[in-house]
Amino acid sequence: MDIINELELRRILKKRQTGNKFTGALIKKILDESLPWEEKRAFWHFLFNSGRIEILAHTLTQALKGKARIPFDLFVQICTHAGLKPKSTVVASVLKGARKQAATDELIGPRGWDRFDTRFQQIRTHLLKQKTSEQKHFKDGLLEKFEFLQSQRMTEQAGRVLRRMVELYPEDIQFRKLKDNFEEQWARDVLSTHMAALSSEKLDRTLTAPSTSDQEMLKCFATEGEKISLEHREFAADLAIGFWFLEDYSKALESLAWAAPSLASDWMKAELLFESRRFIECIELLNVLEVKYIEDPESTFSVSYLRAQCLYLCGQQAAGLEMLQSIARVRPNYRSASALILQWTEGAPWE
């Protein structure tokens, strides 16, 4: 039952109306031509489930006289409970009406008329096969989506899809095994990332923090540089380079924000994000630059080269190395990529 209809029924029930007023309110909803069928259906079934069979039968009669749509499953059920044997013309009308209104699925449940016409069983068998096929297609689609996301290393999205798969099919052994393997791999990735973070912390501790007087000087330098950049935007990039040399990457990025948009400023921002170890932000920017400069073949290699380093330093060593090896295969003279491969593999052969 739709949540909107549940709220509407709750509103009607809370009025605590007497029997006639209450059923009258329900019938009014059912016969309201402005309401869509899916909303009306909930009220039909409320009458049936609450035992108001006589009122339901009367309402069905009114709807049929007004040539309005009726719930075919309830019509068959109340006729069966009343012991009525349908005429062949009535059966034909029900089957024709269900097909015309795309409501043949309503004939899956009630079995009371199966002995009067074999077409009900045939329709049920056909619909069950169709729904089984649709369900299998949906299930296979979920699995395909999960495998695609996992192959693209979109771990968070793949995890959400996998949780949905297990919720929908808790008895599926294959999905349970996938979940166990996924969680194990996720734990390995977390540990790998944690170890990489520990290594980076050791490197960061070797940096000498500026003294108080140096901090004041840098602050003054940044303030005056910002004032100049407001009038001369070309100075912003030079100021960013100055802070880069001073290893103050955050101020370098702040200064670069005043620079005019250009290929150089875009790549400088990516390099600064990388140097400041903001690898996730760097990868997100690289995704944008890859599309922005798609017509430049050199940009594709530059993006892949920097992305590989980000992945490697984020703990995704295998993905980073694989990407770097792909660059080296296409461009054997790309010395920076070859040098990094030797460094990451400690000189081990990779081809």
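This note goes through the confidence, the overall make-up and some local features of a predicted model.

1. Basis. Residues are numbered from 1 along each chain as its sequence is written, and side-chain values use heavy atoms, with hydrogens and water left out.

2. Confidence. The mean pLDDT (the predictor's confidence in each residue, from 0 to 100) of the protein chain is 78, and 80% of its residues reach 70 or more. Helices here are DSSP runs of H or I with at least four residues, strands are runs of E with at least two, and both are numbered from the N terminus. Confidence in the chain is lowest in helix H1 (residues 3-14), with a mean of 58, and highest in helix H14 (residues 279-292), at 88.

3. Over residues 200-205 the pLDDT stays under 50, and the model has 2 contacts (heavy atoms within 4.5 Å) for them beyond four places in sequence. Residues 347-351 also stay under 50; for these the model has 5 contacts beyond four places in sequence.

4. Overall make-up. The protein chain has 17 helices and 0 strands. Of its 351 residues, 36% are buried, where buried means under 20% relative accessible area, exposed over 50%, and partly exposed in between, with a 1.4 Å probe and protein chains only. Among contacts in the chain with a separation of 6 or more, 48% are between residues 24 or more positions apart. The accessible surface comes to about 22,900 Å², and carbon and sulfur atoms hold 55% of that; areas come from the Shrake-Rupley method with a 1.4 Å probe, and for residues only the protein chains shown count as cover.

5. Helices H3 and H4. The axes of H3 (residues 37-49) and H4 (residues 53-65) come within 8 Å and cross at roughly 145 degrees. Axes are lines fitted to C-alpha atoms, for helices over the stretch in contact, and angles run from 0 to 180 degrees between N-to-C directions. H3 passes H4 in a left-handed crossing, that is, the near helix is turned anticlockwise from the far one by less than a right angle. H3 contributes Trp44, Leu47 and Phe48 to the contact, and H4 contributes Ile53, Ile55, Leu56, Thr59, Leu60 and Ala63. These residues divide into 8 nonpolar, 1 polar and no charged. Nonpolar covers Ala, Val, Leu, Ile, Met, Phe, Trp, Tyr, Cys and Pro; Asp, Glu, Lys and Arg are charged, and the others, Gly among them, polar.

6. Glu106. This residue is in the loop between helix H6 (88-100) and helix H7 (119-151). Glu106 counts as buried because its relative accessibility is 7%. Not counting residues up to four places away in sequence, Glu106 touches Trp37, Arg41, Arg69, Ile70, Pro71, Phe72 and Asp73.

7. Arg124. Arg124 is found in helix H7 and, at 1% relative accessibility, counts as buried. Leaving aside neighbours within four places in sequence, Arg124 is in contact with Leu107, Ile108, Pro110, Arg111 and Asp114.

8. Positive phi. Most residues other than glycine have a negative phi. Lys67, not a glycine, has a positive phi of about 55 degrees; Lys67 is in the loop between H4 and helix H5 (72-81) and, at 80% relative accessibility, counts as exposed. Ala102, not a glycine, has a positive phi of about 50 degrees. Ala102 is in the loop between H6 and H7 and counts as exposed at 65% relative accessibility.
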